[in-house]
Amino acid sequence: MQKLVGALREMRRLLSKSEFPPVEAAIKAGAIPLLVQCLSFGSPDEQLLEAAWCLTNIAAGKPEETKALLPALPLLIAHLGEKSSLPVAEQCAWALGNVAGEGEELRSVLLCQGALPPLARMMLPNKGSTVRTAAWALSNLIKGPDHKAATELIRVDGVLDAILRHLRKADEELATEVAWVVVYLSALSNVATSMLVKSDALQLLVQRLASSNSLQLLIPVLRSLGNVIAGDSHTIVAVLLPGCEITDNVIEVLVKCLKSEHRVLKKEAAWVLSNIAAGSIEHKQLIYSSEAAPLLLRLLSTAPFDIRKEVAYVLGNLCVAPTEGDGKPNLISEHLVSLVGRGCLPGFIDLVRSADTEAARLGLQFMELVLRGMPNGEGPKLVEQEDGIDAMERFQFHENEDLRNLANALVDRYFGEDYGLDEEAE
């Protein structure tokens with residue numbers, strides 16, 4: 001027995017080499033069937049642990065090497081159960097997490113073989129490293145694109161309570177892995193999103209954002225918050241009410257992220273704000289009068305392109321009232337006049353000049369608001385001063401029909417044959 005464990009340990013060490021682990025050689029030499037034998041029930045823990053560890057390292061190899069683990073999956077899943085020691089169960093969870101991370105095909109094999117319920121049960125205790133490994137494996141297992149696994153996970157008895165408990169109390173490492181589970185739950189499953197909204201999840205996510213400076217934790221927490229707000233219209237309408245403490249706290253933590261040095265946080269925070277800004281007039285006023293507004297205006301002219309695009313969504317949403325039907329959006333003149341007065345028009349015209357069609361559309365839509373909505377007909381002059389006509393004329397023969405029609409219609413309507421005649425006559 002000791003000889004066998006010694007041999008397994010030696011194989012594990014070879015497979016743990018960080019540079020070029022000999023995974024292919026091990027598979028060709030017939031390691032997988034032997035390792036599967038070593039996982040048989042009744043084997044000593046030491047043997048089970050070393051065999052599972054070897055399989056974990058093989059699963060971290062190239063895609064075809066990971067697929068070689070198929071014969072081992074049923075036993076790895078079986079050892080997640082309560083009869084296994086914690087170290088063995090955790091090592092098997094790690095191996096399965098590596099397999100699930102390989103792609104959709106292997107995820108669906110694992111789901112069919114019943115990997116999800118025992119991994120979910122491993123999240124229920126408060127034992128740090130086991131829960132962390134189980135949460136990491138689960139986020140790999142449910143990451144989609146199918147939503148069924150995420151819905152199945154949130155319905156496992158005790159999982160929602162465990163997620164909330166870990167978000168509330170866990171150290172940052174564990175909270176990070178749990179937050180990634182929440183990212184996929186809230187991105188993929190409406191059932192999960194609505195259960196999260198009805199629990200304390202929003203408050204806990206906001207508290208984590210407020211109190212942490214760990215980028216590893218802040219990214220999944222912020223993305224979870226954004227998913228919940230974007231995915232459940234009930235959240236904005238019924239939970240994030242202007243004047244409520246939770247709403248003020250949400251704006252506060254988003255402002256913190258906009259001020260961060262990290263572009264990912266800035267971009268995600270702007271995305272969350274754009275969803276809130278798409279809500280009621282009161283929500284728009286809330287953002288408009290908060291510390292977020294000057295930060296957004298500055299980012300529109302100074303940030304990298306992907307952030308400017310997200311910021312443009314927020315500022316554009318602040319200037320239009322919710323509409324019924326398909327008509328042109330109604331303007332919120334006070335917001336439009338103030339934001340234009342604070343210098344946001346050049347930033348939108350820059351987006352019109354970009355090669356990105358989504359950004360160009362955002363820029364053209366904002367120019368339409370300025371042309372139509374600025375008082376005393378000063379919209380056309382402002383657009384002309386910033387070389388906006390030139391920016392729009394790029395689209396005269398553009399391949400994208402929507403953009404071509406929108407730009408041409410604006411030029412014809414506001415800068416047609418009669419444009420400027422009044423001034424010349426004076």
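Gln47 is buried, with a relative accessible area of 7%. This residue belongs to helix 4, which covers residues 45-59. A polar atom of the Gln47 side chain lies 3.0 Å from the backbone oxygen of Cys38. The model is predicted.

**Buried residues**

- Thr66 sits in helix 5, a helix made of residues 63-67.
- The relative accessible area of Thr66 is 0%, so this residue counts as buried, the limit being under 20%.
- Leaving aside residues up to four places away in sequence, Thr66 touches Ile58, Ala59, Gly61, Asn98, Val99, Glu102 and Leu106.
- Helix 15 runs over residues 201-211, and its buried residues are Ala201, Leu202, Leu204, Leu205, Val206, Arg208 and Leu209.
- The buried residues of helix 15 pack against several other helices, namely helix 12 (159-169), helix 13 (172-188), helix 14 (190-198), helix 16 (215-231), helix 17 (233-239) and helix 18 (245-258).

- The whole structure contains 14 salt bridges.
- In one of them, the side chains of Arg263 and Asp306 meet, with an N to O distance of 2.7 Å.
- This pair links distant parts of the chain, since Arg263 is in helix 19 (residues 263-277), Asp306 is in helix 22, and the two are 43 residues apart.
- Arg263 has a relative accessibility of 43% and counts as partly exposed.
- Asp306 also counts as partly exposed, at 24% relative accessibility.
- Lys267 joins Arg263 and Asp306 in a network of salt bridges.
- Another salt bridge is formed by Arg361 and Asp402, whose closest N and O atoms are 3.8 Å apart.
- Here too the pair links distant parts of the chain: Arg361 lies in helix 25 and Asp402 in helix 28, 41 residues apart.
- Arg361 is partly exposed, and its relative accessible area is 27%.

- Arg372 and Glu368 form a salt bridge through their side chains, at 2.7 Å from N to O.
- Both residues are in helix 25, and because they are four residues apart, about one helical turn separates them.
- An α-helix has 3.6 residues a turn, so residues three or four places apart point the same way.
- Arg372 is partly exposed, with a relative accessible area of 29%.
- Glu368, in contrast, counts as buried, because its relative accessibility of 9% is under 20%.

**The largest pocket**

- The largest pocket holds about 340 Å³ of space.
- Its lining has 18 residues, and those closest to the centre of the pocket are Pro329, Gln365, Phe366, Glu368 and Leu369.
- Helix 22 (305-318), helix 25 (357-373) and helix 28 (401-415) are the elements that each give two or more residues to this lining.
- Sorted by class, the lining of the largest pocket consists of 12 nonpolar, three polar and three charged residues.

- About 240 Å³ of space lies in the second largest pocket.
- This pocket is lined by 15 residues, of which Leu80, Gly81, Glu82, Arg121 and Met122 are the closest to its centre.
- Two or more residues of the lining come from each of helix 7 (86-100), helix 9 (116-122) and helix 10 (128-141).
- Helix 9 supplies the largest share of the lining, three residues.
- The lining of the second largest pocket divides into eight nonpolar, four polar and three charged residues.

- Lys198 is a residue of helix 14.
- With 68% relative accessibility, Lys198 counts as exposed, because the limit for that class is over 50%.
- Lys198 and Thr235 are 37 residues apart in sequence, while their C-alpha atoms are 9.1 Å apart in space.

Notes: Residues numbered from 1 in each chain as written. Predicted model: local features only at pLDDT ≥ 70, side-chain atom pairs only at ≥ 80, totals over all residues. Heavy atoms only, no water. Buried < 20%, exposed > 50% of the residue type's maximum accessible area, 1.4 Å probe, protein only. Contact = heavy atoms within 4.5 Å. Polar contact = N/O pair within 3.5 Å; in protein donor to acceptor, adjacent residues only side chain to side chain. 1 Å grid on protein atoms, 1.4 Å probe; cavity = no way out; pocket = protein on both sides within 12 Å on 5 of 7 lines; lining within 4 Å. Points joined across faces, edges and corners; volume = space filled by probe spheres on them. Nonpolar A, V, L, I, M, F, W, Y, C, P; charged D, E, K, R; others polar. Salt bridge = Lys/Arg side-chain N within 4 Å of Asp/Glu carboxyl O.
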